[in-house]
Amino acid sequence: MSTLLEIKSSVLRQVQVCPSFRRRTEEEPASGSADPPEPTAGAWKPGDGVEFFAQMRLILKKGEGRQGLPCPEVLLRSSSPAPAEPVDPSRGLRTLSQEEVDMLYEEALYTVLHRAGTMGPDQVDDEEALLSYLQQVFGTGPEEHAAAVERVKKAKAPTYALKVSVMRAKNLLAKDPNGFSDPYCMLGILPASGAVREPSPHKEQRFSFRKGSKRGGPLPAKCIQVTEVKSSTLNPVWKEHFLFEIEDVGTDQLHLDIWDHDDDVSLVEACRKLNEVIGLKGVSRYFKQIVKSARANGTAGPTEDHTDDFLGCLNIPVREVPVAGEDRWFKLEPRSSASRVQGDCQLILKLITTQRDTNMSQRGRSGFLSYLLLLNRLLQFEHRAEEPNSSSWRGELSGPAATVLCLHGAQSNLSALQLAVLHWQVSSRHHQTRTLDYGYLLGLLEDLQAHWEEAGSLPQEQEEGLADSFSAFSEFGLQLLRQLRDYFPATNSTAVYRLELLLKCLGKLQLFQPSFEICPFETELNMDIAAALKRGNREWFDKLLNTQSPREQPGPQRLAGLIKLADTIYEDLQSCYGIYASLFHSIIKVDFFTLTFRQLERLVAEEAWVLTEELSPKMTLEVALGLFELYLTLADIQRFWSSIPGRDSRSLALAGIHAPFLPAVKLWLQVLRDQTKWRLQGAVDVDTDLCEAALFYTELLRKKVDAQPGAAGEAVSEPLCVVLNDVELLRKAAGQALRGLAWPEGAAGLEGTLPRPLLSCTQALDEDLQREARTVTAHLTSKMVGDVRKYVQHVSLSPDSIQNEEAVAPLLKYLDEKLALLNASLVKENLNRVLEALWELLLQAILQALGANRDVSADFYGRFHFTLEALVNFFHAEGQGLPLESLRDGSYKRLEEELRLHQCSTRECIEQYYLDKLKQRSMEHNRFGRLSVRCHYEAAEQRLAVEVLHAADLLPLDANGLSDPFVIVELGPPHLFPLVRSQRTQVKSRTLHPVYDELFYFSVPAEACRRRGACVLFTVMDHDWLSTNDFAGEAALGLGSVGGVARPQVGGSARASQPVTLHLRRPRAQVRSALRMLEGRPNKEAQEFVKRLRELEKYMEADP
């Protein structure tokens, strides 16, 4: 190897410093008569070839990565944290005065101290823990906190109310003769004691079932509420909403009855007459007595003729309503043990406050505003506990914070839409003061959108606040997009993901534009985004231009900077196309790549035009090289646009940019021509010697190993591994050396850069070394043949009593030991060669073992099938070894087919024989001719009709160049049609295109025709009068596709079905493989089937 490398180095030195032999012979006669011409000033001399080609390599190397469109996986090279985004404390919500902070503190304490309802499993039910948390949030001292808590405890308790939404019921009892009911609900608040509560003289008047102090006084209609009647249904839908004031949260309960309406009296009118109801005793039948009494005093007639039927009731203690409310199906309960009820009722319950004794409430501050301020305070406190520079916080609130907000939102009667609006307003403003995760903000917008579609409107003041938050966030987002490359670099996958989420947030804002009465955007948001991107592109370009190629610099210095600028723009355009373009187009429908390309291409073209005009009068070789490099980059930019489908480069500013570069390119090509000639001549002079030296080296290595005596029983020869590695390394080094003698490398592919003699020599050398490597590989694996056959024989001779894993274990252990040695001794290419050769060796050994064992049990073949799959997994090695495609090809397919057929029963093999015939396709459709038939099944007669129409282009099998063809029609497999005999057409004399038009019937059930492998087999024979008939061809038609088999024939005559043209063929290998399996089976059915087929094969001749 060292000798070869020295040869290469010496050749390169000769090419670099010496002219070729041909040039020396041409120049020597003239050397004595005339002096050589003086080179032009600044021109490269022959000895300067190293410097010239080194510069060319650097220029062309840049173009290697500019072939084709960029791949996002290549551009995204870093997963480090994204750059920090700008924050501004002034963009958040306004700072509260101390008085407002105190009022908000009081509001939060009041919320906790007067909480009502049942706490959820994720909420904090410890009052002291909640108060302590609020003390930390507001930063109050112990004494100040204790005094504030004491003031709030002395304040008047809030007035509670229960919001009830009666949504629907299901599976109610049918009470009417038509099998349905006419259900309606009556609901109200009852004290837990079961008696009607009389109002206290010291309290404000509240909803109750009685009004006044006398027990027998009239009842107000507002004590109970009634839904509409839903006629003729067992699954009524009401969606009606009610509000009930609560006297005592701890003892009051909601009572609801469902009744079947049985007369025409309006329930609303009945409720208006409730104040005429007197003398009620007990609560158990309170609601029904009210209805009956109201109707008795109404106009509907006698009560006994209009008695409503009870369908079920509910009793829900108010204290059991969850703090956050609940939307739940309640199972209806009976009124007594004698009642029969069924079904469920869906209610939405929420416990709220209607009057609160706090300063914020007294000053008219709504619950919406107080919740906004409280949420902002808690969010700032919770985020402060995170890492100082963390931008991935997703707004996860602690248990106490979430509990306080849930309590306040419920007590303030805030809807789901209002809560979504508040969380978005506060979080979006907070994000502009301290960065949050955009995924969290996107989730808030999605939640807001979902509730907006359900509710659809807000009070004007709240909608204006939401519009302002949208405007502020979009303005912040546009500011980031102007500096897209700084905050979301294309090489940073984390930053690109944040950009994607930001664009999705802005896209969500666009969806809200048609929904606002007061639109927050003066123009379409995507137009604002496009304008921001254009402005950002211009600012980025101007910054690069002032840094790399200021206009006040001299032309040559500006040229170097402009080259860097053009390279940077090309890389940026790759990022725009590969990363940014798909995001902007798919999310907000902005064509970011076209916008950016057009703008940057025009700007760089303008700078190039100005600079080339300035440098043209001062053209030198150094300037020409720089202009050539700049031209290549500009051409790459133009080519990049053209490589995108549907783009036309004729409209670009760079379309005619080649014109000012022509003088520089002409001068550069003149130098390139001379240098290339010298170098190519040197390469051709030494290519033959280099190839011969490489082959001679490999022969010496192999002969040396063959001469050494091998160790007894040694299956893996370490010297052979060394030889194999040397051959592979030599092949790579020789190819690299030969390619290195030509120039330019990789400019247009290998074939375009090497002269034809050098190219053919390189290809021949590679083929010779590949063949040498295969020879050494075969020599290496041949030492393992005996061991492999021994272990495969062990698998075949293992008794059925041992497990498959135990039988194959010695073989796998042997392979593991040998391949471990090979893996340590061979390079990857050689290891793959050895694995492929060893895999083929194993397959052949298993095939030989199967051929040597006939008439064995199915377990024998099952064991070898297990062995084959175990070997596949072993050689694949979870993707580290040979690919599965190469393992399961060639001999593997033949072996797998053999094992599968061996495991089949005789009838399954026969069915497989016919299935293979159905799958077989003629490779040459017209070689054996065609046969037209028509088949259908007549379900009424339970028979199959087969019509042989005509044949064409049959083989001439007689001496006169014609045939006497006839067709044998039979059904198969035989065990499906045991009583059906074959039929045949008449003989058509002396023709290759016979017309039969003969119809045959086979009495067979349709079920048999649907079985696996069922088919009609057409065999065309040539009738001979004095000798045996000749086989002309055969074709098979599956019965499953015949009309009337799968389903009865519908419409028209069955014989009107379309004819089928079948291409005749002769049995191929895959058909005969099933036949070979049957030959080895001793049972009578298999032997009879084989015997019948052998009789047919007597008439078959070899394929013409």
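Me: What stands opposite Arg 930 in β10?
Reply: Arg 930 stands opposite Ala 952 there. This is a predicted model, in which local features need pLDDT of at least 70 and side-chain atom pairs count only at pLDDT 80 or more, while totals for chains, interfaces and linings use all residues. Residues are numbered from 1 along each chain as its sequence is written, and side-chain values use heavy atoms, with hydrogens and water left out.

Me: And over how many bridges do β9 and β10 pair?
Reply: Strand β9 (residues 930-938) and strand β10 (residues 943-952) pair in the antiparallel sense over 9 bridges, where strands are DSSP runs of E with at least two residues and helices are runs of H or I with at least four, numbered from the N terminus, and pairing requires at least two DSSP bridges between two strands.

Me: Which strands form the open sheet, and in what order?
Reply: The order is β13-β10-β9-β16, with antiparallel pairing. Because β13 (995-1002) and β16 (1060-1063) each have a single partner strand, one side of each is left without a neighbour in the sheet.

Me: Switching topic, where is Thr 867?
Reply: Thr 867 belongs to helix α29 (residues 858-876).

Me: Is Thr 867 buried or exposed?
Reply: Thr 867 is buried, with a relative accessible area of 1%; buried means under 20%, exposed over 50% and partly exposed in between, using a 1.4 Å probe and protein chains only.

Me: Which residues does Thr 867 touch?
Reply: Not counting residues up to four places away in sequence, Thr 867 touches Val 795, Val 808 and Leu 811, contact meaning heavy atoms within 4.5 Å.
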